Amino acid sequence: MAVYAVNGKNVCALAAFKDHVAINFFAPSHVFVDPGKKLEGAGKTSRLLKVRAAADIDAAGIQRWLKAAVKATG
C-alpha cells in the first residue's frame with residue numbers, strides 16, 4: 001500500500017486488491033462533498049473509493065477529494 005502525505009500528515013493511500021483498487025482519503029468525513037455517494041465508510045477520519053473498473057474513475061471527484069483532504073490536514 002502506498003501512502004501519500006503532505007507536511008508529514010497522511011492525505012491518501014492506494015491499495016490493490018483482487019477485485020478493486022482502493023483510494024483512501026484521510027480527513028474528517030464532513031469535508032468530502034459526494035453527491036453521487038461514491039465514497040464508502042462510516043469512520044470519523046477517512047473515506048474510501050473502490051475502483052472496480054475504468055468507468056469508476058471520476059477524475060474530477062478524485063481531484064476534489066484530494067484537495068479537500070490536503071486542506072483538512074492544514
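1. Basis of the note. The model is predicted, so that local features need pLDDT of at least 70 and side-chain atom pairs count only at pLDDT 80 or more, while totals for chains, interfaces and linings use all residues. Residues are numbered from 1 along each chain as its sequence is written, and side-chain values use heavy atoms, with hydrogens and water left out.

2. The sheet. Four strands form an open sheet in the order S1-S2-S3-S4, with antiparallel pairing. Strand S1 (2-6) and strand S4 (46-51) are the edge strands, each pairing on one side only. From one strand to the next, the twist averages 15 degrees. Strands here are DSSP runs of E with at least two residues, and helices are runs of H or I with at least four, numbered from the N terminus. Two strands are taken to pair if DSSP finds at least two bridges between them.

3. Strand pairs. S1 and S2 pair in the antiparallel sense over five bridges, and Val-6 stands opposite Lys-9 in S2. These two strands form a hairpin with two residues between them, and Asn-7 in the turn has a positive phi of about 55 degrees. Strand S3 (residues 21-26) is joined to S4 by six bridges, again antiparallel; Ala-22 stands opposite Lys-50 in S4.

4. Placement of the helix. Helix H1 (residues 59-73) lies across S1, strand S2 (9-16), S3 and S4, and runs at about 145 degrees to S2. Axes are lines fitted to C-alpha atoms, for helices over the stretch in contact, and angles run from 0 to 180 degrees between N-to-C directions. At 1.5 Å a residue, the 15 residues of H1 should span 21 Å, which agrees with the 21 Å between its end C-alpha atoms; the expected span is 1.5 Å times one less than the number of residues. Gly-74 follows H1 and has a positive phi, near 55 degrees.

5. Faces of the helix. Gly-61, Ile-62, Trp-65, Ala-68, Ala-69 and Thr-73 are the buried residues of H1. Seen down the axis of H1, they fall within an arc of 130 degrees, so they line one face of the helix; the arc is that of the directions from the helix axis to the C-beta atoms. On the other side, Ala-59, Lys-67 and Lys-71 are exposed. Buried means under 20% relative accessible area, exposed over 50%, and partly exposed in between (1.4 Å probe, protein chains only). S2, S3 and S4 are among what covers the buried residues of H1.

6. The core. The largest nonpolar core has 13 residues, and those with the most contacts inside it include Ile-23, Leu-49 and Trp-65. Such a core is a set of buried Ala, Val, Leu, Ile, Met, Phe, Trp, Tyr and Cys residues joined through side-chain atoms within 4.5 Å. S2, S3, S4 and H1 are the elements that give two or more residues to this core, and H1 gives the most, with four residues.

7. Loop residues. Phe-32, in the loop between S3 and S4, is buried, with a relative accessible area of 8%. Not counting residues up to four places away in sequence, Phe-32 touches several residues, including Phe-25, Leu-39 and Trp-65; contact means heavy atoms within 4.5 Å. His-20 lies in the loop between S2 and S3 and counts as buried at 17% relative accessibility.
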